[in-house]
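Please keep the sequence and the coordinates at hand while reading.

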Amino acid sequence: MKSVDTIIYDIKELVSMEGPNRARFGKEMSELGLKHGVSIAIHDGKILDIAENETIKKAYIARDFIDASDYVVMPGFVDPHTHPIFVNTRENEFEMRIMGKTYVEISKAGGGILSSIKAVREASEDELFELAKERVLKMIEYGTTTIEAKSGYGLTTESEIKMLKVIRRLQHELPIDIVSTLMGAHEIPQEYRDNREAYIKLMEEEMMPEVMRQGLAEYVDIFTEAHVYGIEESRRILRKAKELGFKIRMHADEIEAIGGAELAGELGAISADHLGACSDEGILAMKEGGTIATLLPATLFSLRAKSYARARDMIEKQLPVAIASDYNPGSCNCDSMQFVITLSCLKMGMTPAEAICAATFNAACSIERNNLIGSVEKGKQADLIFLKIPSYRFIPYHFGSNSVDKVMKKGVFVK
Ligand SMILES: [Zn+2]
């Protein structure tokens with residue numbers, strides 16, 4: 001008998017997500033690798049074995065023994081698109097939207113991303129850390145065990161670096177993994193409105209090289225949209241980012257189809273996100289470029305959009321789909337991947353199984369962590385959530401509350 005840290009015994013329903021170790025597409029997205037009445041042996045934060053109850057009982061002796069006969073157990077949610085570092089919340093804009101103002105109108109009236117910038121520039125690293133910490137702890141409560149987090153509310157080299165240092169500190173101090181993205185191209189800062197070229201040069205010659213030198217971000221992201229960065233500017237900035245050694249992701253075709261998805265495919269972006277208005281050509285280009293579609297239905301819900309990203313067409317055209325919260329202070333103050341799963345079903349026509357694949361394994365692929373997380377398989381990190389519900393199908397069906405009872409990160413219960 002081998003001694004291990006933990007045995008999770010007699011799991012009512014295990015959503016293992018076992019399968020090929022690459023983004024799942026088409027019918028694969030419906031295959032959850034369900035297992036019933038099995039046990040998991042965990043040691044040193046990793047999944048050592050998964051087998052029938054009796055097999056595990058005979059092979060291992062555990063320090064902790066957890067009865068899971070009442071639980072659905074599954075991989076922790078992976079949220080591959082968040083903006084959790086900011087000072088002030090913007091519930092006033094939520095009200096403006098209800099009064100009929102559009103995102104672009106609010107942005108032109110001094111709201112939007114620009115209204116978060118002044119406070120972030122003035123805040124200390126400690127202040128930003130304390131505020132973000134509470135937000136990220138809430139995500140963990142809701143079953144999220146890995147996130148991608150972006151800078152992008154500073155838009156100076158100094159303040160973007162400050163945000164990225166906060167992200168690094170969150171990674172070190174909280175029981176969650178965080179993948180870090182530089183998003184200096186989130187907007188054009190007010191002071192450069194008449195001289196965009198100078199800001200782009202600043203990103204190319206100072207901000208991106210300095211962030212790379214300090215090793216503070218893995219990806220560069222950009223807001224490619226008619227009223228922010230157009231296609232030519234985006235191509236130029238992203239090419240430079242790649243040259244410097246960053247991998248790239250994009251906010252593409254959220255409101256208007258201007259060719260953002262096509263550009264993502266052309267440049268081999270790891271992920272293109274939003275895609276509310278993405279064209280057929282865009283879907284095809286992403287598939288050819290190996291780009292994952294990361295859809296953010298809670299943002300469109302919060303923006304009161306009439307239509308959503310065409311998840312069904314994407315799945316039918318064999319493009320891998322992931323989903324994320326887009327947690328941010330303006331367009332989408334949602335930290336619950338469970339609610340994003342509900343919206344993916346109700347607003348984009350994804351089945352509960354497809355939405356769960358998109359929120360776990362494919363989300364892990366969207367941030368290139370599928371070797372470590374996203375499924376419950378031997379050798380993977382023991383990032384697991386426990387839900388006291390009849391089956392996985394209950395997750396989107398029962399919305400507006402938290403179905404996650406326990407959260408395990410690297411083999412240790414953190415909720
Ligand atoms: Zn975003």
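Helices (H or I, at least four residues) and strands (E, at least two) are taken here as DSSP runs, numbered from the N terminus. The model is a predicted one, in which local features need pLDDT of at least 70 and side-chain atom pairs count only at pLDDT 80 or more, while totals for chains, interfaces and linings use all residues. Residues are numbered from 1 along each chain as its sequence is written, and side-chain values use heavy atoms, with hydrogens and water left out.

The buried residues of H9 are Gly 260, Ala 261, Leu 263, Ala 264, Gly 265 and Leu 267. They pack against strand S11, helix H8 (231-244), strand S12 (247-252), strand S13 (271-274) and helix H10 (280-289). Just after H9, Gly 268 adopts a positive phi of about 70°.

Strand S11 covers residues 219-224 and includes Val 220. Val 220 has a relative accessibility of 3% and therefore counts as buried. Residues up to four places away in sequence aside, Val 220 touches Thr 181, Leu 182, Met 208, Leu 238, Ala 241, Phe 246, Lys 247, Ile 248 and Arg 249, a contact being heavy atoms within 4.5 Å.

Backbone geometry deserves attention at two further sites. Most residues other than glycine have a negative phi. Asp 253, in the loop between S12 and H9, has a positive phi near 50°, and at 0% relative accessibility this residue is buried. Asp 10, in strand S1 (residues 2-11), has a positive phi of about 55°, but Asp 10 counts as partly exposed because its relative accessibility is 26%.

The metal site comes next. The zinc ion has as protein donors His 81 (NE2), His 83 (NE2), His 251 (NE2) and Asp 326 (OD), at 2.1 to 2.6 Å. Donors are N, O and S atoms within 2.8 Å of the metal (3.2 Å for Na, K and Ca), and water is not among the atoms, so sites may look incomplete. Along the sequence, the donor residues follow the spacing H-x1-H-x167-H-x74-D.

On a 1 Å grid over the protein atoms alone, a cavity is a set of points where a 1.4 Å probe fits but cannot get out, and a pocket is an open set with protein on both sides within 12 Å along at least five of seven lines; lining residues have an atom within 4 Å of a point. Grid points are joined across faces, edges and corners, and a volume is the space filled by probe spheres set on the points. The largest pocket holds about 380 Å³. It is lined by 16 residues, of which Ile 255, Leu 303, Arg 304, Ala 305 and Lys 306 are the closest to its centre. There are three cavities of 30 Å³ or more, and the largest cavity has a volume of about 120 Å³. Among its 14 lining residues, Tyr 103, Ile 113, His 186, Asn 328 and Ser 331 are the closest to its centre.

Methods
Buried < 20%, exposed > 50% of the residue type's maximum accessible area, 1.4 Å probe, protein only.
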